[in-house]
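Here are a few notes to read alongside the model. They all concern the ligand and what lies around it.

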Amino acid sequence: MQSYHVTTLNEFIIARQADFPYAKGELSRLLYAIGIAAKMVNKKINKAGLVDILGESGEVNVQGEEQKKLDVFADEQFISALKASGEVCGIATEENDETVLFDDDLSRDAKYLVCMDPLDGSSNIDVNVSVGTIFSIYRRLSDRGTKPSMDDFLQPGKAQVAAGYVIYGSSTMLVYTTGKGVNGFTLDPSLGEFCLSHPNICTPETGIIYSINEGNYRYFPEGVKKFIKYTQEENASTRRPWTSRYIGSLVADFHRNLLKGGIYLYPPTRKAPEGKLRLLYECNPIGFIAEQAGGKAVNGHENILEISPLSLHQRTPFYVGPVKMISVLQSLLD
Ligand code: AHG
Ligand code: MN
Ligand code: MN
């Protein structure tokens, strides 16, 4: 009889611990906790369309409690899973103005901290379109056992120890890097496990997809307008106009482009002169994954991972994709 073995996320994490000779399993336990929380959020998201007919939603649920928005639910799930892991001293998320610091003995002694967008693309939930979770893990700079400082959270993206995202799509996937390549795991609902499905993801060297909210065209910098014109011509590299694809969930747009070869752009606009996306928990983790898969992320003139953040919710223009596509873009930007 033919036998086969699927590698689960947990098995993979443990096997890869050997990549870090001094690792004591803390990062492994932390990644494991993220995987568990992702499954809880996945379960909730899958039921999102049903809540109306099952009567759980509306203003008030059967227990007389207000129904939580999914991004708040996701935020709470990840925070409690990371707190329970005991491997995280604090977390910064889109849903919290200030950092959330864990003050129990175990967590205060932990060496990692996390920046996270618990639910990305949340406006797409109501219309059954892919959404995601994005996370970024740093080693703290302050001494273990003390309260983490703001400087711990404001490290440049190049200091990330690990980063990843979960995409709740036609299937649910977890994609992450610890700086030694990028691996993707698909949730097998019958097993309730993330199974290795996309080992060692490498993005195509170039491609024909561009992803941008073109409704903002008139407010784009001239260089971005020139780039869009370039994609729409029969240009030398592709000999055909490129294909435009835009979902409006960064995770979903990036994931497609990572696998198929494409560039994602969120330039400054009049409404968002600094760009819309957040450096700490959207651009840095996606930038790290892109780089590990052979791509690149920039703010126009600087590598995203080189930027020293000044505040938790800082925004930045963001361009990410294969190195060759980013080079063409940069040659057109002022
Ligand atoms: P979030 O749901 O976490 O607030 O993020 C939404 C972001 C990102 O996912 C997406 O790429 C972008 O907003 C879309 O913005 P536009 O609607 O302006 O195109
Ligand atoms: Mn987001
Ligand atoms: Mn969000």
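1. Start with Tyr266: an N or O atom in its side chain is 2.5 Å from an oxygen atom of ligand 1, a polar contact (a pair of N or O atoms within 3.5 Å). Tyr246 also puts a polar side-chain atom 2.5 Å from a ligand 1 oxygen. With Gly121 it's a backbone N or O atom, 2.8 Å from an oxygen of the ligand.

2. On its own, ligand 1 exposes 470 Å², and the protein buries 81% of that (Shrake-Rupley areas, 1.4 Å probe).

3. Which elements give two or more residues to the shell around ligand 1? They are β3 (112–120) and β11 (262–266), strands being DSSP E runs of at least two residues, numbered from the N terminus. β3 gives the most, three residues.

4. In total, 16 residues surround the ligand, and Asp120 and Tyr264 are among the closest (near means a heavy atom within 4 Å). By class, the shell has six nonpolar, five polar and five charged residues; Tyr counts as nonpolar here and Gly as polar.

5. Domain 1 (9–198) and domain 2 (209–332) each supply at least three shell residues, with bounds from an automatic or database assignment.

6. A word on conventions: this is a predicted model, where local features need pLDDT of at least 70, side-chain atom pairs need 80 or more, and totals for chains, interfaces and linings use all residues. Residues are numbered from 1 along each chain, chains are lettered from A and ligands numbered from 1 as written, and side-chain values use heavy atoms, without hydrogens or water.

Note on methods: Polar contact = N/O pair within 3.5 Å; in protein donor to acceptor, adjacent residues only side chain to side chain. Helix = DSSP H or I, 4+ residues; strand = E, 2+ residues; numbered from the N terminus.
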